[in-house]
Amino acid sequence: MASHKELFFTRFERFWHWGQALLVLILMFTGLEVAQAYALLGYADATHWHNLCAWSLICLWIFTIFWHIITGEWRQYRWTTDKLGAVFHYYTTGIFSKKIRYHPFKKTRRFKHNPLQRIAYLLLSLVIMPLIGLSGLLYFYYDNWEQIALDRTLLSPVAAVHLCMAFALLVFIILHIYMSFTGTPLMSQLQAMLTGYVVIEDTRTEDREEFTFLLVTEDRDFAQVVLHGLQVPPPGMESLHMEHAVTLKEGMQRLEQHSYDMVMLDLELSDGPFLENIARIQALDLDTPLVVFSGDEAYGNMELVMRKGVVDFLIKQEIGRNTLIRVIQHALFRIRFDRCTR
Amino acid sequence: MRRLRALLLFVCLAVLIAAWPAPPASAGGAAASPTAAHTTTDHSKLPALQGPFDTGMEVTKACLSCHTEAGKQVMQTTHWRWRYSPGANGQEEEPSRAVLGKQKVLNAFCVSPITNWKACTVCHIGYGWKDPAVAEVGEDRVDCLVCHEQTGTYKKYSYGYGELRAGERIIRKPDYGSIARSVGAPGRRNCGVCHFYGGAHDGAKHGDLDSSLFLPDRNLDVHMDAKGLNFRCVTCHDAQGHGVSGSRYRMKAVNHFGINIPGHSTETHTSCESCHGESPHREIAKLNKHVQRIACQTCHIPRMARGGNKTMTYWDWSTAGRLGEQGRPVPEEKDKAGYPTYVSEHGTMRWERNVIPEYHWFNGVINYLDPSKPIDPDGVVAVNRILGGPDNGQSRIWPFKVMHGRLPYDPVNRTMVVFHSNPVDSADKDAFYKSFDWPRAIAAGMKEVGPFSGQHAFVDVTMYFPITHMVAPKEQALGCNDCHRPGGRLDALTGFYLPGRDTFPLVQRVGWGMVWLALLGALLHGLVRVVMFWRRR
């Protein structure tokens, strides 16, 4: 099966991930010593290294938060329940099934994390890490509590919260490490995190089972034609799910949140001039083939539009099921070809 | 050419090394003691001290001829009065603290000097103190010599006299002239002859004071190190008008005054902070924060009785009075180091050296048992009780020597008793050491104190002594791991969260449960995947 590599994790992300991993492991090791899980280093050395690593981690976080804001990569961690059921189903049953099942989530550079990951990482970065960090800082600055009018007898609950979050983090680490070995091949996720490159299988249509397309048009009659024409999935596709967005705004929102196998854009939208609409979608930097439709009147602009990098330009009046199937096959083939030659 | 250059270089280096200034002599050995007295008077040249003197009182008169106010000053001190009234300083808080001092409080050693003045007053800074309750004494009764003589030969006898007497007859007297002419500021020996021997034996009472401090090395006490700083007692316990600072009756468990430079405060130097300040640790900032909750002594006096001598940790009076044939006391029993473990006159004793102190929250207030108040004979009677706790912010964790023992009490009146132990003369059958008759000895003692039913029994007692001497070199100070672990030095102190020592059993149980569940889940999931992988093949 053909495949290609894509850089998913930039150098900074890898540095962050592995730096954080190292620091968290030392913190966990030294912290559990203070929590009396074992007596290896002694309190003095354990707290010394714990403090050192904690401050290093805080520095790393400051950089990382800054990086996420600047690059907009924080969007990778937005809450979503889309395909959550399917992903959950995959890990609980699909992964064990006799027939090889594909992961229901198709990761792209824009959507690196499946919904389960998103929720886990969001929980980690909004609950566990802030709580463990805050309780840790309070713990560290115990001697200055008078200055912030904090009752010193509250050290005990602060320490308890710190310990609770440490256990939550430990559970996360265990599951996170295990989950990193659920990819195919076994080491693919680890390899991706080490090299930054993810191997994307260029699945041929016959290998895939489920497809989701996004149709953006205000023309309800035309939408009916397309939806009707593709009611029965094209040959080789087990299922084809069509989503219909009435405005470009709605379409953009959907594109921000989900990943699609193909976008079909009507050029006659009241959101704005068609060239601008195309540019807006392309500005999302998606790895999704874009097919545009137009009535007769825009026909004269075909060359201009094709130059913008759309995969195909179709005239609404000429569309039937056969045309659609041909366009889809062509578009999917072409995007695969583009990736191979990139 | 190259050889020449090498030779030249070698010569240059040799010259440089030879010419390099020698390092300064080590501060420990050569440096003059900063506490050396810089006096303007050579007392040996004073006409008034040329003598001859027949009695100590005559010497005192000679002293007072120049030091006109000294007598009056001394007679105001606790050292003289053996009474302490905090009320004088506007500190009267509780009735039990109203009047303290040897005349009032009990101790877990010889119990009380009441009716035992003849023996106990060998450590009184006066002459002829037969009964302080009735004695009207003059300034010439002040014993200047015991604190100021520097020959090391002066010794006090019964009733505090400097000469051995039988009644009013002087049997033996020291060379008062040469002793008087040796006087100077008190050294360690002057204080030590009494304070190192409290409890009637070298090192018995305090745990951090014994004769090893006459000439201590650096390991025993960094400040009094005879070859180093060579502090005297009065270097810290500085006196104004003969009032020596640093009484246990008026302790400061926390000192926020900081370093006492002139004009800074009226405080003295009897706290570590008065010289070292409140942030003395230069390398580890966290240690300076410990100052808020931990007394300096707690870490810097890792063990007491470190000078080779033992300190007494147990004295059971109830076994005293065991008599052998012809009603004579049985032979003294001793431990391997020669310390008495059984004496018919005193009962059973235990001695220890290199003792790890007990640690308690302490706010500086020690409440002494009021001998007239009823006790609970079923429990342990606290001869003194240290106050303080983790939450009031006025306390720090201090090290203590805890003395245990058994003392007689009156089971009918339920009060502690004092007893007449030392015979006044050979005909004194009331004295316990003479007749070994408890009711008689107690009755004699209680005559001056309060009612006694005639019955006696024994009760367990404890007594606490805050530890503050024998400060070890910093290398030997306690480290984090001595307390921040289960089974550490502060294990017995509860009521506050101590990192490394305390944890949360419920959180631990649930937390580890979750961790094991996660591991088990991952393991099972992985196992099924492996099985399915093989099946697919």
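Me: Which residues are buried in helix α10 of chain B?
Reply: In this predicted model, α10 of chain B covers residues 188-195, and its buried residues are B:Arg188, B:Asn190, B:Gly192 and B:Cys194.

Me: What do the buried residues of α10(B) pack against?
Reply: They pack against two helices of chain B, α8 (145-148) and α11 (233-236).

Me: How many helices and strands are there in chain B?
Reply: Chain B has 18 helices and 15 strands.

Me: And how much of chain B counts as buried?
Reply: The chain has 537 residues, and 44% of them count as buried.

Me: What about the accessible surface of chain B?
Reply: That comes to about 27,900 Å², with 57% belonging to carbon and sulfur atoms.

Me: What share of the contacts in chain B join residues at least 24 apart?
Reply: The share is 69%, counting contacts between residues at least 6 apart in sequence.

Me: Switching to chain A. At what angle do α4 and α5 pack?
Reply: Helix α4 (residues 115-140) and helix α5 (residues 155-179) of chain A pack at about 145°, and their axes are 9 Å apart.

Me: Is that crossing left-handed or right-handed?
Reply: The crossing of α4(A) and α5(A) is left-handed.

Me: Which residues make the contact?
Reply: From α4(A), they include A:Leu124, A:Ile128, A:Leu131 and A:Tyr139. From α5(A), they include A:Val158, A:His162, A:Met165 and A:Phe172.

Me: How do the residues of that contact divide into nonpolar, polar and charged?
Reply: For α4(A) with α5(A), 19 are nonpolar and 4 are polar, with no charged residues.

How values were computed: Residues numbered from 1 in each chain as written. Chains lettered and ligands numbered in written order. Predicted model: local features only at pLDDT ≥ 70, side-chain atom pairs only at ≥ 80, totals over all residues. Heavy atoms only, no water. Buried < 20%, exposed > 50% of the residue type's maximum accessible area, 1.4 Å probe, protein only. Helix = DSSP H or I, 4+ residues; strand = E, 2+ residues; numbered from the N terminus. Contact = heavy atoms within 4.5 Å. Axes fitted to C-alpha atoms, helices over the stretch in contact; angles between N-to-C directions. Left-handed = near helix turned anticlockwise from the far one by under 90°. Nonpolar A, V, L, I, M, F, W, Y, C, P; charged D, E, K, R; others polar. Areas by Shrake-Rupley, 256 points an atom, 1.4 Å probe, with all protein chains shown as cover.
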